[in-house]
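Please take me through this structure one selection at a time, and say at each stop what is to be found there.

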Amino acid sequence: MNRSRIKSVIENMEKLNLKQIIVYSKHSIYYLTDIWAEAGERLIALYINTDGKIKIFANEIFALSSDEIEIINHKDGENPVLELSKELKSGVVGIDKNMPSKFLIDLMDLRKDISPVNGSMSVDMARMIKDSLEIEKMRKSSKINDEVMALGIEAIKSGITEKELASIINEGYIKKGASRGGTQIVAFGENCSNPHPSLRDKAISSGDSVLFDIFLPINKYWCDMTRTVFFKSITKEQEKVYEIVKNANLKAIEKVRNGIPLKEIDLTARKYIEDMGYGKYFTHRTGHNIGLECHELPDVSQTSEFIAQTGMIFSIEPGIYLPDKFGVRIEDLILVTDDGCEVLNSYTKELQIIK
């Protein structure tokens, strides 16, 4: 059990006037207890009370063990929330936003005297700020991401398809320590005009933009980076758009510091792209927090009400997408520090034309 993280969660609970919460997210349970288990359709839930009571309720099939936390097991065929329902105090209960309704409905049937509310914020706010161990893991993940990006770009050649490049990237991740592959974003030409396109069997053509958005958890902590290069040749419009996106990325990064509203970081990238005449083609937020999950609270968007704080790690990923023509996105992960920020990715952002 990570006592300092539990302490932070309880402090957040008190700020939110929550006396008890149920944590269901496997990522949050791992974050707080160092126990990782894939529950599937079965129940694993962590109960936390501000009086210091912490218990895990789980199906015995997972054979969970802990020297510090009481584990209450149930069997297949038994009501999975029965013992959990007995633990709850009357009144408000913070419920994990990821908890399936089948468990919540059964809880509410067993305990008519509880009032469920979204209780995830108390954990999400703790996870939002990375401690020194998490920061080091994120640095290592991003270093591997740089290496895998290089592998992918070096593999570009005549006749290769998006799916083949994505497979090379997955193999590179696994060789460098990722526990699994994933669905990588690799797009050529007009397919780049969609921010999150589907992989195709289409072979690369001369003049194509090539967009790589690659991401996987390594030792459970995610990396995420996007680069765009060009194959054989480049038009003046492609070069212009690339430089605009690169400058938007750099300007937003320069804005990052402890205490600045995240919406101002988004505005910095967005306004620059708008001033250059491409505002309507920047169709998504500038970034998102990242850690045990690829997308975590908060986002770096026009509507974000969060403030950048030392220890946050989030992406800066402006893009321009010209329908049926091409697209460009450049993404880095950024660690907020006391006096500015640290860019976790080092793979070049200079314009590349792959010959």
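**The open sheet**

Begin with the six strands that form an open sheet of mixed pairing, arranged in the order β4-β3-β2-β1-β5-β6. The model is a predicted one. Colour β4 (70-74) and β6 (114-118) separately: these are the edge strands, each pairing on one side only. From one strand to the next, the twist averages 25°.

Next, select residues 20-23 and residues 44-49, which are strands β1 and β2. The two pair in the antiparallel sense over four bridges. Within this pair, Q20 of the chain stands opposite N49 in β2. As a general point, the strands of a sheet pair through backbone hydrogen bonds, either parallel or antiparallel.

UniProt, in an unreviewed entry, lists residues 5-129 as "domain: Creatinase N-terminal". Over residues 5-129 the chain is 34% helix and 25% strand, with the end C-alpha atoms 10 Å apart.

**A helix across the sheet**

Then show helix α5, residues 121-128. The axes of α2 and α5 come within 11 Å and cross at roughly 65°, and the crossing is left-handed. To see the contact itself, display the side chains of H27, S28, Y31 and L32 from α2, together with V123, A126 and R127 from α5.

**The nonpolar cores**

Which residues have the most contacts inside the largest nonpolar core? They are V9, I21, L32, I44, L46, I48 and I56, in a core of 41 residues. Centre the view on I44: setting aside residues up to four places away in sequence, I44 touches V23, Y24, I29, A37, A39, I56, F57, A58, F62 and L64. A second, separate core has 30 residues, among them Y242, I260, L262 and F314. In soluble globular proteins, nonpolar side chains tend to be buried together.

Move on to residues 136-338, listed by UniProt in an unreviewed entry as "domain: Peptidase M24". This stretch is 33% helix and 25% strand, and its end C-alpha atoms are 17 Å apart.

Select β9, residues 221-231; eleven of its eleven residues are buried. Y221, C223, M225, R227, V229 and F231 point one way from the strand, while W222, D224, T226, T228 and F230 point the other way.

Where does β9 find its partners? Strand β8 (residues 209-218) runs antiparallel to β9, and ten bridges join the two. β8 and β9 form a hairpin with two residues between them, and N219 in the turn has a positive phi of about 55°. β9 is also joined by two bridges to strand β17 (residues 353-354), in the parallel sense. There, F231 stands opposite I354 in β17.

**A last stop at N249**

Finally, select helix α8 (residues 236-255) and find N249 within it. Is N249 buried or exposed? N249 counts as buried because its relative accessibility is 0%. Apart from neighbours within four places in sequence, N249 is in contact with I316, P318, I330, E331, D332 and K349. For a distance to check in the viewer, draw a line between the C-alpha atoms of N249 and Y272: they are 23 residues apart along the chain and separated by 9.8 Å.

Key
Residues are numbered from 1 along each chain as its sequence is written. This is a predicted model: local features need pLDDT of at least 70, side-chain atom pairs count only at pLDDT 80 or more; totals for chains, interfaces and linings use all residues. Side-chain values use heavy atoms; hydrogens and water are left out. A nonpolar core is a set of buried Ala, Val, Leu, Ile, Met, Phe, Trp, Tyr and Cys residues joined through side-chain atoms within 4.5 Å. Buried means under 20% relative accessible area, exposed over 50%, partly exposed in between (1.4 Å probe, protein chains only). Contact means heavy atoms within 4.5 Å. UniProt positions are given in the numbering used here, feature names are shortened, and annotations may be inferred rather than shown by experiment. Two strands pair if DSSP finds at least two bridges between them. Axes are lines fitted to C-alpha atoms, for helices over the stretch in contact, and angles run from 0 to 180 degrees between N-to-C directions. A crossing is left-handed if the near helix is turned anticlockwise from the far one by less than a right angle, and right-handed if clockwise.
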